[in-house]
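Hi,

Here is the structure I promised to pass along.

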Amino acid sequence: KNIFINNYTFFDAFSWTWAVWNFFKDKYKIIANDSLFCSYVITQAKLNPIDKKFKKLNINPFDYFNSNDICLKWFVYNNYSTWWSDRKYFSEENAMRIDFIREKIDEWLKKEKIDEFEYYYLIACLLESISKVSNVAGVYWSFLSTWDSRALKIMKFIEIEDFSNNNLFKNEIHNELIELLIEDIKWDILYLDPPYTKNQYSTQYHILETIALNDKPEIFWKTWHREVISKNSKFSKDWNVHIEFERIIKKANFKYIVLSYNSVWIMSKEFIERVLKRYWKENTFECRKINYKQYLNSKAEKKEEHFEYLFFIEKKDLNQISYKSP
């Protein structure tokens with residue numbers, strides 16, 4: 001079904017990687033949401049970019065941070081470097097640079113030398129810079145046992161690439177759990193790309209979240225992680241995902257719903273189809289299968305194929321829905 005209508009709005013409800021809304025940004029007004037603050041600030045920087053002139057600051061922050069050797073022994077240094085433990089997330093020098101940059105960004109905001117969106121932009125740039133020198137294998141659940149050569153390089157403060165749509169539309173960005181937000185948004189296209197596994201993004205990216213918030217949380221000794229329960233997605237829990245999925249589909253006040261879901265994880269294709277067909281306009285259900293290669297794990301190895309399902313329905317109006325549980 002062709003739904004490329006320029007005055008439509010596109011709600012990316014789990015926008016962590018921003019790949020999807022980036023593709024559609026020139027076709028629709030984008031509403032992006034993610035429960036993690038680190039994703040929120042990166043989306044702000046990419047989707048609603050600033051002019052990068054920093055008029056009140058009166059200096060170029062990239063030149064400033066890259067041309068001096070000022071360091072600070074603070075939260076990241078104390079908790080995620082090797083100065084007193086074996087936590088090889090960052091070299092000691094890079095940890096001190098991260099601490100200095102992050103504290104300076106907060107100082108500039110408090111002194112009103114930067115505005116709210118410049119603040120988001122600089123934090124996003126710091127997170128991008130950190131990713132270049134982190135001694136991890138993609139996510140921050142744990143560090144590598146030996147030093148990756150890139151982690152030993154001095155961190156440079158780099159500019160983040162923005163994906164603006166040249167002000168064609170006024171975009172919205174939210175930082176909320178989707179189950180708390182779904183009833184407050186009424187637009188055209190709802191795109192759902194929820195977590196597929198029991199692994200929580202809030203745990204996998206806990207260091208980026210801590211640096212983005214700069215809230216210096218309590219760190220649990222065995223895992224070195226912050227408290228993440230309040231940010232945990234119900235889509236990663238066997239006993240919650242089926243109930244939560246139907247609740248979101250039922251309450252979604254959208255013309256169209258598109259769902260991307262992996263073939264080997266918690267909800268089955270059959271369950272998803274049954275739920276969507278309870279709320280569809282008749283004969284609008286579509287399901288397409290997209291093959292791709294991915295790492296194998298204990299669950300995926302049991303299947304010969306590995307693919308993504310893409311589901312679509314045109315939804316009934318809320319006042320036409322009368323579903324009675326069996």
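Helix H6 passes helix H9 in a right-handed crossing (a crossing is right-handed if the near helix is turned clockwise from the far one by less than a right angle, and left-handed if anticlockwise). Helices here are DSSP runs of H or I with at least four residues, strands are runs of E with at least two, and both are numbered from the N terminus. H6 covers residues 116–131 and H9 residues 206–213; their axes come within 10 Å and cross at roughly 150 degrees. Axes are lines fitted to C-alpha atoms, for helices over the stretch in contact, with angles from 0 to 180 degrees between N-to-C directions. On the H6 side, Ile123, Leu126, Leu127 and Ile130 meet Leu208, Ile211 and Ala212 of H9, where contact means heavy atoms within 4.5 Å.

Before I go on, a word on the source: this is a predicted model, where local features need pLDDT of at least 70 and side-chain atom pairs count only at pLDDT 80 or more, while totals for chains, interfaces and linings use all residues. Residues are numbered from 1 along each chain as its sequence is written, and side-chain values use heavy atoms, with hydrogens and water left out.

**The sheet**

The protein chain has 11 helices and 7 strands. An open sheet of 7 strands runs in the order E3-E2-E1-E4-E5-E7-E6, with mixed pairing; two strands pair if DSSP finds at least two bridges between them. At the edges sit E3 (172–174) and E6 (286–291), each pairing on one side only. From one strand to the next, the twist averages 15 degrees. E2 (residues 29–33) and E3 run parallel and are joined by 3 bridges, and Ile31 has Glu172 in E3 as its bridge partner. Helix H11 (residues 269–276) packs on the sheet, where H11 touches E5 (253–262), E6 and E7 (307–314), and its direction makes about 10 degrees with that of E7.

**Cysteines and the whole chain**

How many disulfides does the structure hold? The count is 0, taking a disulfide as a pair of cysteine sulfur atoms within 2.5 Å. Cys71 counts as partly exposed because its relative accessibility is 30%, and Cys287 counts as partly exposed because its value is 28%. Buried means under 20% relative accessible area, exposed over 50%, and partly exposed in between (1.4 Å probe, protein chains only). Of the 326 residues in the protein chain, 53% are buried.

Cheers
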